[in-house]
Amino acid sequence: MNGRQAGAARSLFDFYVTRGRTRIQSEFQYRVATYFWLVGMIAEPVVYLVVWTTIAKQQGGAVQGITTGEFAAYYIVWTLVRNMNIVFTPYGWEWRIREGELSAALLRPLHPLHDDVAAFAGWKPVVILLWLPIAGVLWFAFHPTLAPTPLEVVVFFLAIWGAYLIRTMFMSILGMITFWTTRVSAIFELALAVELLLSGRLVPLKLMPDWAESLAAVLPFQWSFYFPIQALVADYSTGELLGGLGMQVLWIVVLTGLTMFVWRFAVRRYSAVGN
Amino acid sequence: MRSFRLAWLFFKLGSMNELQYRANFFVQLLQSAVSVGTAIVVLKVVYSHTQALNGWSESELLVVMGMQILLGGVIKAAIQPNMQRLMEEVQDGKLDFALTKPEDSQVLISVRDVRIWRLVDVVSGAAVVGYGISGLERAVGPADVLLFFVMLVVGAITIYCFWVIIATVAFWIVAAWNSIELFEGVYATGRWPVSIYPIWLRLGVTFLVPIAFAITVPAEAVTSRLDWQTIALAFAFGAALFAFTRWWWHFGLRRYSGASA
């Protein structure tokens, strides 16, 4: 690395730190709004949890070997993973492209994606802090069975950031479809539905039919939901844990490459109106 | 009566506006197909592991899900756009334009916006309800259907009141736009009969966010689970909430200080 590259890397690092920090400060001003949002988000896993707990209880305490306590652990950890993998939405891309908001971002000597990644990363500590009391309530209400090893905790910590990057890239590619057509909401909804079913967001993938499970194995979705959750909840071997992290790295590389590729063609189609 | 005429006028205006963008109809159709498809797949996954969920068969749950989609269409077409606009206008100080008109302010802010293409969800939701009913073992009589529609209207009014209450909060807390996310999240609980939830959550989605009255009660009507106490409670709660909403709106309005856009 020569001096110029090192300087560029250092200023990029500075940018990330500063952007993350300003986002933390600005988000802390809207605590009530964030709480509204958090409670709305928590409703989803609570519904899934209640449904599966009901079924498990009807069948003597477990569905396919997953006990009520394990379901509770799965969906409570789910809430943290979900907080982590919320990224700039494709609808945001739609708005940004349709309204010409991208123009300003394009004028900066920095890829707009850096701004998204840094800003949302800065938002994470705020939501996690506000999430803690909610997690406490869920813990008392649903009695999870959760006993992770130190290694699992470390892998989990890395995996939630991997999940964050994978989902950022996927959602960016999805959002960039707006460069070609502005009627994108149906496409977004379809992609989100597929993700819901094949990521472990709806149910632990073990409960899906076999063909769906094998389909999920070749798609990136489970690496931003199922794997991070299971890293903490399930009894994965060291090999499985590290292999999982490896798969995450692979998907990050593939999806980042794809994002860059799409971006190169997409941005040429951008014609700003207004602003 | 005058209120209904006003609502009808805005409805016609909104329809003419939306009819200019016919392609949006097909986008909405696709979106509706995706959400119905997802709901059915979720149901299949659940019922591949069990025969009945707390006494509700698969067909009966289809009725509940169809109800949730149907009412969601009503909310997204007629209630949510108005409330969203209200919250934005409170923030920008543009609410002056509505308040200075010689009409009842609550009526006016409730009928200004309508997105007719979103009514596609009403049709697809109704289709799911119909499909669910056709799979029921017991025949559904005309009395059940009548009761279903009556409870549906009561439920929709209850949901409307809830939305006005939440949107009015914007007079105190400007950053209330997240309440839309809050509502959408909590609304998803309506996909399942409230009886499966633990008691604290059941009370929450019955009285705090009145989803039980809006979705489960009409679904219970058509699956013959409804008793007179529940009907009376739904009516009483709806009426009380309506009166409270009226008072709350005027109470909040006093806080409004227009920035005159």
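A: Start with the fold: chain A runs α-α-β-β-α-α-α-α-α-α-α-α-α along its sequence. That comes to eleven helices and two strands. Helices (H or I, at least four residues) and strands (E, at least two) are DSSP runs, numbered from the N terminus. The model is predicted: local features need pLDDT of at least 70, side-chain atom pairs count only at pLDDT 80 or more, and totals for chains, interfaces and linings use all residues. Residues are numbered from 1 along each chain as its sequence is written, while chains are lettered from A and ligands numbered from 1 in the order in which they are written.

Q: Why is Met65(B) called buried?
A: A residue is buried if 20 or more other C-beta atoms, placed from the backbone, lie within 10 Å of its own, exposed if 12 or fewer, and partly exposed in between. Met65(B) has 24 such atoms within 10 Å, so it is buried. Met65(B) lies in helix 3 of chain B. Leaving aside neighbours within four places in sequence, Met65(B) is in contact (C-beta atoms, placed from the backbone, within 7 Å) with Ala39(B), Leu43(B), Val128(B) and Arg191(B).

Q: Is His143(A) buried or exposed?
A: His143(A) has 12 other C-beta atoms within 10 Å, so it counts as exposed. His143(A) sits in the loop between helix 6 (112–142) and helix 7 of chain A. Its phi is positive, about 45°, although His143(A) is not a glycine.

Q: What makes Asn54(B) partly exposed?
A: Asn54(B) has 17 C-beta neighbours inside 10 Å, so it falls in the partly exposed class. Asn54(B) is in the loop between helix 2 and helix 3 of chain B. Asn54(B) also has a positive phi, about 50°, and is not a glycine.

Q: How do you know whether the span of helix 8 of chain A agrees with its 14 residues?
A: The expected span is 1.5 Å times one less than the number of residues. For helix 8 of chain A that should be 20 Å, and its end C-alpha atoms are 20 Å apart, so the two agree. Its buried residues are Phe188(A), Glu195(A), Leu197(A) and Leu198(A). They pack against helix 4 (90–98), helix 7 (150–176) and helix 9 (210–217) of chain A, together with helix 2 (23–47) of chain B. Just after helix 8 of chain A, Gly200(A) takes a positive phi of about 90°.

Q: What makes the largest nonpolar core a core?
A: A nonpolar core is a set of buried Ala, Val, Leu, Ile, Met, Phe, Trp, Tyr and Cys residues joined through C-beta atoms within 7 Å. The largest such set has 143 residues, and those with the most contacts inside it include Val51(A) and Ile166(A). Its largest share, 18 residues, comes from helix 3 (residues 58–92) of chain B. Leaving aside neighbours within four places in sequence, Val51(A) is in contact with Val46(B), Leu53(B), Trp192(B) and Ile196(B).

Conventions. Contact = placed C-beta atoms within 7 Å.
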